[in-house]
Amino acid sequence: VDVLLPKKRRYWIETCYNQYVHAHPAEGLDLALEIISAQGEAYARAVGSFRRRRWTHLFNMFIMKRERFDAYCAWLFPILFEMEEKLDLTGWSQNDRRVFGFAAEGIENMLLVTGDPVPPEYREEAHGVYHFNSRELIRRVRELGLPLRIFAALNVNARNFEPELRRAREKEENGAVGFLTQPVMTPQALENLTLARMALSGRLLGGILPIVSEKNALFLRQNVHGVAVDDETVARYAGADRERGEEIAVELCTHYARAMRDTVDGYYLMTPFGRTALDCRIMEGIRNEG
């Protein structure tokens with residue numbers, strides 16, 4: 001297999017093209033398709049097929065062999081550069097100005113993920129699909145010479161943090177300028193975050209993940225790699241209804257935001273179950289903390 005893609009998404013009542021132009025200005029996509037069509041008859045036929053197609057692969061995500069990745073980037077980025085030269089974004093909203101990101105993974109800030117480690121009990125039956133690890137991937141993206149700021153993951157909940165910190169330093173050596181941490185929800189995570197601040201030169205964005213119920217806390221602890229939830233936190237949610245669960249989430253998130261305020265350069269929030277209003281309450285609480 002040369003390329004692995006996300007599961008196919010089908011649009012039953014409209015084409016891929018129509019779905020795009022209902023959400024974004026058509027000029028961006030039209031220009032991209034025009035540039036591609038000009039590359040030859042085969043490309044023009046592919047563009048025609050795309051306009052009629054009712055399915056796609058979303059998220060700009062893929063697993064690809066190295067030589068195909070190089071060839072794909074060599075083909076893709078000249079298209080984006082030509083779009084940038086020709087497209088007039090005057091009057092476009094901030095969201096619509098992300099047209100180049102919608103067209104491809106050419107956004108200025110880039111998060112690189114190469115997958116969680118395979119647990120020891122599954123290593124005999126699960127085989128790696130990557131030709132390189134995250135450090136190598138960061139290096140190869142840096143060598144593209146594009147104006148990207150590369151951020152990497154930092155697991156402050158690792159049981160043995162020393163190897164994690166060593167890998168983080170290697171990521172910096174290969175081009176990472178900052179890190180997004182796993183959720184900080186325990187005293188040990190705060191301690192590891194302090195060690196990271198002393199050892200790393202890049203920016204640190206502390207992860208904040210609101211927990212909304214006892215069931216949610218237990219699921220995260222038992223099933224989500226890189227997330228640590230201690231017994232005290234689980235106990236706080238025992239018997240809490242939805243309203244009380246969200247109150248506890250605000251209390252805990254603002255507590256840990258305050259605790260790591262002098263260590264990180266900023267925060268990033270994860271939204272549980274689409275509860276954006278909860279995230280807004282947490283952001284207000286963090287602002288009120290000063």
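Colleague: Where is Phe273 found, in terms of the strand and helix around it?

Modeller: Phe273 is in the loop between strand S9 (266-269) and helix H12 (276-288). Keep in mind that this is a predicted model.

Colleague: And is Phe273 buried or exposed?

Modeller: Exposed, because its relative accessibility is 62% and the exposed class begins over 50%.

Colleague: What about the phi of Phe273?

Modeller: Phi there is near 55°, which is a positive value in a residue other than glycine. Most residues other than glycine have a negative phi.

Colleague: OK, zooming out. How many helices and strands does the protein have?

Modeller: Twelve helices and nine strands. The protein has 290 residues, and 41% of them count as buried. As for contacts between residues at least 6 apart in sequence, 73% join residues at least 24 apart.

Colleague: Let's do strands, then. How do S6 and S7 run relative to each other, parallel or antiparallel?

Modeller: Strand S6 (residues 149-154) and strand S7 (residues 178-183) run parallel, and four bridges join them. For a spot to look at, take Phe151, whose bridge partner in S7 is Gly178. To get from S6 to S7, the chain goes through helix H7 (residues 161-173), and that β-α-β crossover is right-handed.

Colleague: Which way do S7 and S8 pair?

Modeller: In the parallel sense, over four bridges, with S8 covering residues 203-208. Pro183 stands opposite Gly207 in S8. The chain crosses from S7 to S8 through helix H8 (residues 187-199), in a right-handed β-α-β crossover.

Colleague: What joins S8 to S9?

Modeller: Four bridges, and these two strands run parallel. Leu205 is the residue standing opposite Gly266 in S9.

Colleague: Now the core. Which residues in the largest nonpolar core touch the most other members?

Modeller: That core has 70 residues, and the ones touching the most other members are Met83, Val99, Leu154, Val184, Leu200, Leu204 and Val229. In soluble globular proteins, nonpolar side chains tend to be buried together.

Colleague: Take Leu204. What does Leu204 touch?

Modeller: Leaving out residues up to four places away in sequence, Leu204 touches Leu154, Phe179, Leu193, Ala196, Arg197, Thr263, Val264, Asp265 and Gly266.

Colleague: Switching to rings. How many aromatic pairs does a search of the whole structure find?

Modeller: One. It's Phe77 with Phe81, a tilted pair at 6.4 Å centre to centre, with 35° between the planes.

Colleague: Where do Phe77 and Phe81 lie?

Modeller: Both are in helix H4 (residues 66-86), four residues apart, or about one turn of the helix.

Colleague: Why does Phe77 count as buried?

Modeller: Because Phe77 has a relative accessibility of 11%, and buried means under 20%. Phe81, by contrast, is partly exposed, with a relative accessible area of 39%.

Colleague: What sits over the ring of Tyr17?

Modeller: The charged end of Arg51, 4.8 Å from the ring centre.

Colleague: Back to loops. Where is Ala158 found?

Modeller: Ala158 is in the loop between S6 and H7. Its relative accessibility is 15%, so Ala158 counts as buried.

Colleague: What does Ala158 touch?

Modeller: Glu164 and Asn192, not counting residues up to four places away in sequence. Also have a look at Ala228: Ala158 and Ala228 are 70 residues apart in sequence and 8.7 Å apart in space, C-alpha to C-alpha.

Colleague: Last one, His57. Where is its place in the chain?

Modeller: In the loop between strand S3 (55-56) and strand S4 (63-64). With 32% relative accessibility, His57 counts as partly exposed.

Colleague: Which residues does His57 touch?

Modeller: Leu5, Pro6, Lys7 and Lys8, again not counting residues up to four places away in sequence. His57 and Pro6 are 51 residues apart in sequence, and their C-alpha atoms are 5.9 Å apart in space.

Definitions and conventions:
Residues numbered from 1 in each chain as written. Predicted model: local features only at pLDDT ≥ 70, side-chain atom pairs only at ≥ 80, totals over all residues. Heavy atoms only, no water. Pairing = 2+ DSSP bridges. Right-handed = clockwise from strand over helix to strand, strands pointing away. Phe/Tyr/Trp six-rings, centres within 6.5 Å; stacked < 30°, edge-to-face > 60°. Buried < 20%, exposed > 50% of the residue type's maximum accessible area, 1.4 Å probe, protein only. Lys NZ or Arg CZ within 6 Å of the ring centre and 35° of its normal. Core = buried A, V, L, I, M, F, W, Y, C linked by side-chain atoms within 4.5 Å. Contact = heavy atoms within 4.5 Å.
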